[in-house]
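User: I'm new to this one and would like to walk through it with you. Could you start with how a pair of helices packs, and then move on to other parts?

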Amino acid sequence: MSRRQLPSVDRVLNDPSASRAVARWGKRTVKLALRAVQDELRAAPDIPAWATSANGYHDAIDHWLRRHVGRGYEPVFNLTGTLVHTNLGRSPLSPELAAQALEAATRPLALEYDLDVGKRGDREGIVAHRLRLSTGAEAATAVNNNAAAVMLVLNTLARDREVPVSRGELIEIGGSFRLPDIMERAGCRLKEVGTTNRTHARDYENAIGADTALLLKVYPSNYRVEGFSSEVAVRDAAEIAHRYDLPLCVDAGSGALVDLSRFGLPREPLPGDLLDAGADLVTFSGDKLLGGTQAGIIVGKRNLIDALNANPMKRALRLDKVALVLLDATLKAYEDEAPALEQIPLLGMIALPIEELEERARSVAEALAQVAGAQVSVEACQSELGSGALPGEAIESRAVTVAFDAPKRLLAFEHALRQLNPAVVGRIAGGKLILDMRGAAPLDELLVVLEDLA
């Protein structure tokens with residue numbers, strides 16, 4: 001084929017076959033990809049027949065964009081067994097609650113406007129109300145994630161001063177992001193106390209001096225110290241802090257608002273529990289055990305929350321209108337715990353009975369039974385909450401496992417699942433691909449997607 005037979009860029013873009021790519025990627029991005037593809041074709045020794053037709057470029061454009069731009073924010077089925085998966089968007093949101101929130105957010109709304117007096121209002125008024133109601137706090141505020149919440153507390157209350165923290169609580173969270181780095185950026189000075197496995201009340205007391213601003217206790221995200229270990233309880237840390245007229249801040253991390261022991265998990269301390277134990281401020285995440293949108297929530301003493309809100313950094317870290325409306329809808333669902341199991345998808349996943357998981361597994365196993373050379377079975381497995389929530393604790397679950405005689409075939413099959421639309425993401429362990437059924441919803445959509453494997 002002659003290079004002169006290549007259609008013009010505009011001819012391909014105006015062909016109906018390009019409409020799907022333009023709708024997905026955007027016209028300028030598709031145009032960029034098309035030019036790059038044709039440049040590659042011109043440099044090749046031969047021109048394939050498909051390249052001479054205006055309607056033949058869809059696959060080439062798609063492959064180039066996946067290689068050079070990425071696939072964007074595609075929905076996936078999270079069958080990894082990690083329910084709150086940081087790389088897969090953490091907690092899923094309820095479609096119903098999201099629809100309510102987006103309906104409000106796509107129109108002008110009384111975000112920072114008091115309709116009764118006709119003047120500027122409180123941006124977080126209703127969210128703060130619901131947080132006070134659910135935690136028993138005097139006041140509350142919210143920023144864009146929990147790391148930001150901790151940073152705001154430290155920058156407001158401890159800038160240029162010392163903050164004692166147990167060595168056993170100097171956590172590192174996703175992406176090599178470490179608490180000491182956050183503290184440094186907040187402008188305070190870390191004072192390490194105790195040892196990695198044992199910290200005593202006297203360690204805090206010995207660390208307190210004229211330059212101490214507050215005491216900080218941190219939830220040990222993603223790990224657990226066991227064996228010959230001890231830590232200072234929140235109540236004891238609060239007694240020490242208050243004896244020296246210092247506030248105690250507890251970074252609770254995950255932020256459950258319901259007692260998880262009803263689902264067979266250890267009871268996660270609720271923010272209200274920590275406040276009752278004497279904490280003056282508690283920070284926690286909105287998109288972990290709370291099951292909502294990404295947010296960093298701070299509850300506690302009114303005078304301290306007022307100081308946080310007066311910090312100019314608060315404006316830089318504040319939530320936008322969509323996140324606020326989503327957070328409000330999620331918190332409202334918690335006002336009645338029974339419907340919350342249906343309205344908060346994460347709670348629904350945790351509460352799924354084994355019988356339903358086995359039913360899902362049988363359906364998925366049947367859909368995969370026709371895959372050539374695959375040994376498909378239904379097995380017991382363990383799910384985990386993930387993202388630093390209840391490290392080391394597991395939930396009994398059921399999985400469909402897929403094995404092949406050759407490891408390369410297993411890897412190829414796992415890759416094929418990730419190329420589906422929506423993609424299906426599992427995990428490989430023990431020479432098998434494990435597809436945990438707690439994330440297999442909506443099941444009917446998953447079964448239709450799996451048909452594409454044929």
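Analyst: In this predicted model, the crossing of α5 and α14 is right-handed. The contact involves L97, A98, Q100, A101, L102, A104 and A105 on the α5 side, and K321, V322, V325, L326, A329, T330, K332 and A333 on the α14 side.

User: What classes of residue make up the contact of α5 with α14?

Analyst: Eleven residues of that contact are nonpolar, two are polar and two are charged.

User: And at what angle do the axes of α5 and α14 cross?

Analyst: The axis of α5, which covers residues 95-105, and that of α14, residues 321-333, cross at roughly 140° and come within 9 Å.

User: Okay, switching to sheets. What is the strand order in the open sheet of five strands?

Analyst: The order is β4-β12-β11-β10-β9, and the pairing in this open sheet is mixed. At the edges are β4, residues 139-143, and β9, residues 215-218, each of which pairs on one side only. Neighbouring strands in the sheet are turned against each other by 15° on average, with direction ignored.

User: In which sense do β4 and β12 pair?

Analyst: They pair in the antiparallel sense over five bridges, with β12 covering residues 296-300. Within that pairing, V143 stands opposite G296 of β12.

User: Which strands does α7 lie across?

Analyst: Helix α7, residues 146-157, lies across β4, β9, β10, β11 and β12, and it runs at about 155° to β11, the strand at 281-285.

User: New topic: which residues of α4 are buried?

Analyst: In α4, which spans residues 58-68, the buried residues are A60, I61, D62, W64 and L65. Their cover includes α2, at 19-25, and α3, at 27-43. After α4 comes G70, where phi is positive, near 100°.

User: Now zoom out for me. How many helices and strands are there in the protein?

Analyst: There are 19 helices and 17 strands, and the C-alpha trace spans about 85 × 55 × 45 Å along its principal axes. The protein has 454 residues, of which 47% count as buried.

Definitions and conventions: Residues are numbered from 1 along each chain as its sequence is written. This is a predicted model: local features need pLDDT of at least 70, side-chain atom pairs count only at pLDDT 80 or more; totals for chains, interfaces and linings use all residues. Side-chain values use heavy atoms; hydrogens and water are left out. Two strands pair if DSSP finds at least two bridges between them. Helices (H or I, at least four residues) and strands (E, at least two) are DSSP runs, numbered from the N terminus. Axes are lines fitted to C-alpha atoms, for helices over the stretch in contact, and angles run from 0 to 180 degrees between N-to-C directions. Contact means heavy atoms within 4.5 Å. A crossing is left-handed if the near helix is turned anticlockwise from the far one by less than a right angle, and right-handed if clockwise. Ala, Val, Leu, Ile, Met, Phe, Trp, Tyr, Cys and Pro count as nonpolar, Asp, Glu, Lys and Arg as charged, and the others, Gly among them, as polar. Buried means under 20% relative accessible area, exposed over 50%, partly exposed in between (1.4 Å probe, protein chains only).
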